[in-house]
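Here's a new structure to get to know. Have a look at it, and then we'll walk through a few of its parts together.

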Amino acid sequence: MNKTTEEPSATDDREACVVGLNPGYPPIERGTGTFNPLALQKLLDGDHADIRNLIKQVISQFPYYHGTDVAEYRKLVLQWTRRVADTGMGRIFMSRAVGGEENLPRFMAAFETLAFHDLSLVIKVGVQFGLFAGSIQQLGTSYHHHKYLPDAASARLLGCFAMTEIAHGSNVQRLETTASYDRENDCFVLHTPTFSAGKSYIGSAAQDGKVAVVFAQLNVDGQNHGVHAFVVPIRDAEGRPLPGVTIQDNGLKMGLNGVDNGGIWFEHVRVPRVEMLNRFATVTKDGQYQTEIQSKHARFFAMIGTLLGGRISIATSANCGAKSALTISIRYGARRRQFGPPRSSQETLVLDYPAHQRRLFPLLANVFALDFALKHLVEQTEKIRPEESRPLETLAAGLKALTTWNATQVIQTCRETCGGEGYLAVNRLAALKADTDVYTTFEGDNTVLMQLVAKNLLTEFNEKLKGMRPSQMTAFMVNRALTTVVRRNPTIVLNTFDAHLQDVKFQLGMLRFRESSLLMRGGQRFRYLTLKKNLDPFSAFSRMQRELLDLSRAHIDRVVLQQFAKTVEAVTDQSLRIALKRLCDLFALSQMEINRAWFLENGALRAVTSRAITRMVDELCLQIRQDAVHYVDAFGIPDSCLAAPIAL
Ligand SMILES: Cc1cc2nc3c(=O)[nH]c(=O)nc-3n(C[C@H](O)[C@H](O)[C@H](O)COP(=O)(O)OP(=O)(O)OC[C@H]3O[C@@H](n4cnc5c(N)ncnc54)[C@H](O)[C@@H]3O)c2cc1C
């Protein structure tokens, strides 16, 4: 910012940036670019540009809150939530019987777009529509849908999703809240047996929620049937906790302070029997427990599996946070000058420094790569039948983890690449950093999710092996052994030609090679630990945690590259295709560069190829520089949402 004696105040700046005026900074040097950003935006918007545009119009009217008064911030976020509800967004995924459109991908597109604005709003809306209404839609039946969904969609009825407890976050199967059937009174009695069995961090619990979908251990006649969900009123019309319900505000958080998170404890609270969400299991009036899914474990996973939409939505909104940060940083880098050649009249743009490019562009490539992979995942939710949902759950868990970790890294890097300006609240990176941080924890802790990915992969692998005779098994293993693959294709480790490094067959081959090697070794080790060492599966998996995390990372990297390459392949606009291919190459080669130690250790790279990959990453960053601002313009973030003076 130009330093003058009479600097405009932050408020002046904000007002100025809303109308697109920011006279304090030199212009952003966009360059001519090699492709049309609008064509790329069309590709990113996909089939749901209309709902994205509608949401952009709505959020463009909300001025950001930069204050520190939590009560005021919460009030504002609630007002915004009601305005979003007025668009009808909350109904989009609901069943037609209650006026919905049964269109989850469209709902997700709307939700993702909200993330170009305040993330407390995103999470408040996510709790109301995605978690509260979504769990009633997915776990309930017609009675619950008609009773709750219309009012939930219009935000007349505000609700919570109360799963996590103080003592149990990741391990949901061990929740301690109980729901015991009282046959005489035809009701369930909800009870919190200990302080640490209290629900915690529950969105909308501290202030606004009137009812909660509560997850509790179902007991009928002293027999436990596992975790089930119940709709439980928690406040009266005046907002006071109902008898038997104790609520505590979680107070100030690292971010997302526009959301009222709180704890809930139940003291023998009665709810009618019909308030159990009974899509997968029910209790009859005379106390019979009925279900079509006999295994407790399978029932639990059927129930949790239906909540997949929330996990995907968190990933897409994290990626949007990363898009905002990159837009701010890359545009700022195209106007900010520091140092320069001795005789030059101008200093150099920071975005022209290779070090700056190296920090930002591989992350830009990641954001595009993850965007296309998430689009593929959303498409799959429409196509896959519930009984085939394991690959979908695996992918959703892995992409949620990778996208939210990536967002954290992107936002930190963008903060640093904007220097001191990046630290000012008015430039939005501070809020993005604080608000997205917890995305790595909620909707499933990332490290726990990555273990789930690997366990699913190993289970499938072992199922494949189980059907084989010992001789087939040996042949199967040998065919996939590293030495065999390298022997069959020796050029893979020595070829340093640009065309080879940019060949998607080579890139995918390398990522597949890492994935299948880790899978095979993981499978062998699991069999060794369980069959030879007699460890139970839990202990064997625990012993293998490092390998599991490597495997899931390798798997998701490969899927992401595959989807990126497919997207590039399908683009018909030649200039756009070249521009996207550059990002795709950067994504693929950066992954190899990051993991080069593994590839070198395993004979899939030689020093000479490894160095060539590093040079190619440098070269791609240089090429991407000319289009950098155009790539981020294509995210289509309205100036009123971006709102960072350094980027307008
Ligand atoms: C702001 C916010 C909002 C939230 N909103 C809601 C909500 O509306 N409703 C709701 O029900 N919940 C909500 N949650 C809870 C959230 O889903 C949990 O925090 C999350 O599931 C993690 O649980 P935990 O905090 O108990 O962490 P833990 O499970 O205790 O994990 C702590 C650490 O241990 C590690 N760890 C755990 N198990 C293993 C293992 N097997 N191997 C290796 N490492 C392991 C984890 O990786 C993590 O680093 C919210 C949380 C926050 C912070």
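Which residue forms a salt bridge with glutamate 101? The partner is arginine 106, and the closest N and O atoms of the two are 3.4 Å apart. (A salt bridge here is a side-chain nitrogen of Lys or Arg within 4 Å of a carboxyl oxygen of Asp or Glu.) Glutamate 101 counts as partly exposed, at 36% relative accessibility, while arginine 106 is buried at 16%. Those words have cut-offs: buried is under 20% relative accessible area, exposed is over 50%, and partly exposed is in between, with a 1.4 Å probe and protein chains only.

Before going on, keep in mind that this is a predicted model, where local features need pLDDT of at least 70, side-chain atom pairs count only at pLDDT 80 or more, and totals for chains, interfaces and linings use all residues. Residues are numbered from 1 along each chain as its sequence is written, and side-chain values use heavy atoms, with hydrogens and water left out.

Back to the salt bridges: the structure holds 37 of them. One joins arginine 273 to aspartate 186, at 2.5 Å from N to O. This pair links distant parts of the chain, 87 residues apart: arginine 273 sits in the loop between strands S9 (269-272) and S10 (281-283), and aspartate 186 in the loop between strands S2 (178-182) and S3 (187-191). (Helices, H or I with at least four residues, and strands, E with at least two, are DSSP runs numbered from the N terminus.) Aspartate 186 is partly exposed, with a relative accessible area of 21%.

Another salt bridge stays inside one helix. Aspartate 557 pairs with arginine 553, with 3.4 Å between the closest N and O atoms. The two are four residues apart in helix H20 (residues 545-570), so about one helical turn separates them.

Now find helix H4, residues 70-85. (The expected span is 1.5 Å times one less than the number of residues.) Among its buried residues are Tyr73, Val77, Trp80 and Val84. Looking down the axis of H4, the buried residues fall within an arc of 165 degrees, so they line one face of the helix; the arc is that of the directions from the helix axis to the C-beta atoms. The cover over them includes helices H5 (104-114), H6 (119-139) and H7 (142-153), along with strand S7 (245-249); contact means heavy atoms within 4.5 Å.

How about helix H21 (residues 574-594)? Here 15 of the 21 residues are buried, so H21 is largely enclosed by the rest of the structure.

Next, the ligand: 18 residues surround it, and the closest are Phe161, Met163, Thr164, Ser170 and Asp445. (A residue is near a molecule if one of its heavy atoms lies within 4 Å of it.) A polar backbone atom of methionine 163 is 2.9 Å from an oxygen atom of the ligand, and a polar side-chain atom of threonine 164 lies 2.7 Å from a ligand nitrogen.

Last stop: arginine 625, in helix H23 (residues 607-625). Arginine 625 is buried, with a relative accessible area of 12%.

Notes. A polar contact is a pair of N or O atoms within 3.5 Å; within protein, one must be able to donate a hydrogen and the other to accept it, and residues adjacent in sequence count only if both atoms are side-chain atoms.
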